[in-house]
Amino acid sequence: MMLKLGVPSKGRLMEKTFDWFGTRGITLRKSGSDREYAGAVDGIDGVELVLLSAGEIPRELAAGNIHLGVTGSDLVREKLANWEQRVTAMAPMGFGGADLIIAVPQAWVDVDTLDDLDAAAAAFRTAHGFRLRIATKYHRLVREFLREKGVADYQLIDSQGATEGTVKNETAEAIADITSTGETLRANGLKILDDGLIHASQATLFRGRRGDWSDGQRQKLKSLQMVLGL
Ligand SMILES: Nc1ncnc2c1ncn2[C@@H]1O[C@H](COP(=O)(O)OP(=O)(O)OP(=O)(O)O)[C@@H](O)[C@H]1O
Ligand SMILES: O=P(O)(O)OC[C@H]1O[C@H](OP(=O)(O)OP(=O)(O)O)[C@H](O)[C@@H]1O
């Protein structure tokens, strides 16, 4: 059986993953046409490339369907409860950096910290009769973070894209989303809370704990680690 390596199937994460392996002597490439999700590996034997959505790689690792996988550290934490028991981070890869943050309207001049948000949330509930809404697709990470910080008087609104627009559209009062340049936040009149960093994410090479880790597979993993210098 081959050692299966899952890599994002498109976009910047795919290209940078190919570059990262390439500079370490392993060539990953799409085989077939540009639109076909089949891959090939040169420079090491026994490793198979599986092209997958970045968001699905955590689940496939945890299920043991792939042995290794590259995806954002945010996605592993969000998609897998107790992620550390299900996958092991082998190497941060130095690209795909983005911060998961909590942001509120710039117009909220008295709200700069989580404590301020907590106070604003209580006042909001009294004034409006429902809990302050935070739009996000990172439900698990946001809930855990706010629980730890003692903020309770809010509700999560699911937003799978264009999350910064929800405040202008009046479907949420605050958001939790990924930012890199900060452009999207600024353009939508939002500011990051001073202590509102939930997770600093980057692309990471993970190993699944489940699946076939027979001696043969372990040997292939060792060879791969040698070539990669891990
Ligand atoms: N500016 C950015 N915006 C969004 N995601 C970013 C940014 N910079 C880095 N990332 C990271 O890229 C990853 C998301 O990649 P991608 O958008 O390909 O995933 P996905 O939407 O789940 O994939 P797919 O659309 O194939 O299901 C996350 O780990 C995220 O942290
Ligand atoms: O800080 P910035 O450089 O402005 O980047 C952040 C934006 O990029 C991402 O959206 P993406 O383009 O992936 O689309 P999405 O809204 O579907 O997530 C993310 O969700 C933010 O909206």
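Me: Where is glutamate 170 found?
Reply: In this predicted model, glutamate 170 is found in the loop between α7 (165-168) and β10 (174-179). Helices here are DSSP runs of H or I with at least four residues, strands are E runs of at least two, and both are numbered from the N terminus.

Me: How many residues of the protein chain count as buried, as a percentage?
Reply: Of the 230 residues, 35% count as buried. The chain has nine helices and 12 strands, and its C-alpha trace spans about 65 × 35 × 25 Å along the principal axes.

Me: Which residues are closest to ligand 1?
Reply: The closest are Ser53, Ala54, Gly55, Gly72 and Ala98, out of 14 residues that surround ligand 1. A residue is near a molecule if its C-beta atom, placed from the backbone, lies within 6 Å of it. The elements that give two or more residues to this shell are α1 (11-22) and α3 (73-79).

Me: Why does ligand 1 lie between domain 1 and domain 2?
Reply: Domain 1 (3-96 + 202-228) and domain 2 (98-201) both give residues to the shell around ligand 1, so the ligand lies between them. The domain bounds come from an automatic or database assignment.

Me: What does UniProt list for residues 54-213?
Reply: An unreviewed UniProt entry lists them as "domain: ATP phosphoribosyltransferase catalytic"; positions follow the numbering used here, feature names are shortened, and annotations may be inferred rather than shown by experiment. Over residues 54-213 the chain is 33% helix and 33% strand, and the end C-alpha atoms are 23 Å apart.

Me: Which conventions apply throughout?
Reply: Residues are numbered from 1 along each chain as its sequence is written, while chains are lettered from A and ligands numbered from 1 in the order in which they are written. As this is a predicted model, local features need pLDDT of at least 70 and side-chain atom pairs count only at pLDDT 80 or more, while totals for chains, interfaces and linings use all residues.

Definitions and conventions. Buried ≥ 20, exposed ≤ 12 C-beta atoms within 10 Å, placed from the backbone.
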